[in-house]
Amino acid sequence: MKIVAKKSYDRKVLDINIELEEHKIYALIGANGSGKSTLLKALSSIIKIDDGSTIDMPFKNNDIYYMPQMPYSFDLSVYNNIKIGIPTNYSVGQKIYCKYRIDTMLKDIDLFHLKKANATTLSGGERQKMALVRSLVINHPLILLDEPTSAMDINATLQAEELIKKYKEEFNGTIILATHSIKQAQRLADTVLFLDNGEIKEIADAQTFIDSPQSNELKDFLQKI
Amino acid sequence: MWASFWQSLGKAFEIIGNGNPLMNEVVATTMIMALTSSIISFIIGAPLGLLLATYNFKGKKVLVIIARTLMGLPPVAIGILVYLLFRGIGPFGPLKLIFTVPAMIIAQILLITPIVVGMVQTSAESSGQALLETRKGIRLGSTRTFLLMANENKYQLIAAYMFAFARATAEVGAVQIVGGNILHKTMVMTTYIALNYNTGNLEFAVALGIIVVAITLGFNLVGGILQIVGSRKKKK
């Protein structure tokens with residue numbers, strides 16, 4: 001998929017020109033304000049890109065799932081919050097399978113005991129866990145995760161990463177996640193994209209990033225984290 | 001000085017205690033008018049308020065400004081407008097609604113609906129914008145989004161209805177003009193209070209005032225209890 005996108009944000013300009021392969025996990029790393037969230041929102045059509053730019057993807061809008069950094073918790077139980085992500089036109093069989101997947105994932109991420117709790121009473125990390133399960137319960141050809149573990153502790157983060165890996169194994173979709181952690185990128189991503197001031201400065205696998213960063217901006221970023 | 005005040009209040013309670021057929025009739029007419037107009041206003045206004053809070057579209061700001069302007073319209077102005085429309089020689093004159101309860105209900109709907117729209121829109125705006133990214137990310141359909149928004153703002157909706165009902169019960173200017181305060185027909189509590197005050201029958205006016213406050217208080221208590229029960233359920 002080819003992305004040529006321009007978008008003004010926070011007095012900066014996101015200027016992207018990249019080609020990505022399907023069925024891979026990509027990690028977007030970069031400092032605050034580097035344009036990670038803006039890029040994900042542009043890809044998911046939540047925000048409009050500027051005139052003249054194009055995003056050429058083999059997915060329909062409905063095939064793309066976006067999990068915001070601060071997902072909204074509806075005034076419903078955790079289970080019903082997750083169920084919202086299941087299309088209403090699913091068959092009974094599909095719905096039963098989804099229910100099984102929800103239960104399994106809730107257990108895997110240590111949230112099963114809160115299945116019936118009201119989601120508005122959850123902590124920030126628990127809300128992210130719930131939103132991640134909602135993202136991964138059905139097959140989306142492209143999933144965009146905006147710092148999905150930013151409010152989780154290390155154990156929960158590792159559990160969440162396992163969930164993402166399992167999902168990838170099962171459905172082989174394309175996942176793009178924004179993260180501040182090069183270690184998370186290393187654990188999860190096939191390819192890492194380093195964003196700085198709205199531009200992609202380097203593309204490589206995480207180990208190459210760590211071993212031999214090319215640009216001064218990346219060296220600077222890696223030193224600070 | 002206080003003695004006359006307590007005396008009037010005491011007599012008012014005595015009137016309420018003894019009961020009065022005319023008073024019962026006036027209360028019944030008021031309830032029919034207030035319940036009908038507040039329910040219709042809520043049915044029209046609440047979805048409009050939720051839509052304005054949930055979706056961003058061209059012309060939204062203009063609609064919000066119009067709704068807020070209409071919120072501040074004086075009741076007598078609405079009364080005169082409805083009178084001009086429904087009087088014998090008016091465009092809707094043939095319907096023969098002027099000086100009837102339905103005309104009063106129409107005036108109340110025009111008066112209360114913008115208030116419901118404004119109240120619901122203002123209170124639901126924050127959750128509407130907060131869930132914007134999540135609902136777009138999940139690809140929620142319009143109907144599901146709307147139902148979820150209604151659920152998210154259920155207490156604000158209850159509060160908006162309570163206010164609409166209280167406004168309908170307490171309004172006097174518009175209903176006086178289009179209803180005419182006709183005995184056994186369009187006399188409601190507020191117009192009856194004004195009439196009794198003008199004729200020096202203060203105890204009757206005070207008695208009806210107490211009933212108006214009691215009804216509004218009762219409704220708000222029910223609303224308050226619903227909110228408390230809801231928040232307790234959530235904590236469990």
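A: A packing angle here runs from 0 to 180 degrees between N-to-C directions, and each axis is a line fitted to C-alpha atoms, for helices over the stretch in contact. Helices (H or I, at least four residues) and strands (E, at least two) are DSSP runs numbered from the N terminus. Bear in mind that this is a predicted model: local features need pLDDT of at least 70 and side-chain atom pairs count only at pLDDT 80 or more, while totals for chains, interfaces and linings use all residues. Residues are numbered from 1 along each chain as its sequence is written, and chains are lettered from A and ligands numbered from 1 in the order in which they are written.

Let's zoom in on helix 5 of chain B. Chain B has eleven helices and zero strands, and its C-alpha trace spans about 65 × 55 × 30 Å along the principal axes.

Take the pairing with helix 8 (residues 154-170) of chain B: its axis and that of helix 5 of chain B sit 9 Å apart, at an angle of about 155°. Helix 5 and helix 8 of chain B are therefore roughly antiparallel (under 35 degrees is roughly parallel, over 145 roughly antiparallel, 65 to 115 roughly perpendicular, and the rest oblique). On the helix 5 side of chain B, the contact includes Ile112(B), Ile115(B), Val116(B), Met119(B) and Val120(B); on the helix 8 side of chain B, Leu157(B), Ala160(B), Phe163(B), Ala164(B) and Arg167(B) are among the partners. Two residues are in contact if their C-beta atoms, placed from the backbone, lie within 7 Å. The residues of this contact split into eleven nonpolar, three polar and one charged. Ala, Val, Leu, Ile, Met, Phe, Trp, Tyr, Cys and Pro count as nonpolar, Asp, Glu, Lys and Arg as charged, and the others, Gly among them, as polar.

Helix 5 of chain B also packs on helix 4 of chain B, at about 135° and with the axes 9 Å apart. That angle is why helix 4 and helix 5 of chain B count as oblique. This crossing, too, is right-handed. Pro75(B), Ile78(B), Gly79(B), Val82(B) and Phe86(B) of helix 4 of chain B meet Ala103(B), Ile106(B), Ala107(B), Leu110(B) and Leu111(B) of helix 5 of chain B. By class, that makes nine nonpolar, one polar and no charged residues.

Now look at the loop joining helix 4 (75-86) and helix 5 of chain B, where you'll find Phe99(B). Phe99(B) isn't a glycine, yet its phi is positive, about 60°. Most residues other than glycine have a negative phi. Phe99(B) counts as partly exposed because it has 18 C-beta neighbours inside 10 Å. For that count, a residue is buried if 20 or more other C-beta atoms lie within 10 Å of its own, exposed if 12 or fewer, and partly exposed in between, with C-beta atoms placed from the backbone. By this count, buried residues make up 38% of the 236 residues in chain B.

Over in chain A, Val133(A) contacts Ile82(A), Ile102(A), Met105(A), Leu106(A) and Ile109(A), leaving aside neighbours within four places in sequence.

Last stop, the meeting of the two chains: 14 residues from chain B and 16 residues from chain A take part. Helix 6 (132-138), helix 7 (142-152) and helix 11 (202-235) of chain B each supply at least two residues of the side that touches chain A. Helix 6 of chain B gives the largest share of that side, five residues. The chain B side divides into five nonpolar, three polar and six charged residues.

Methods:
Left-handed = near helix turned anticlockwise from the far one by under 90°.
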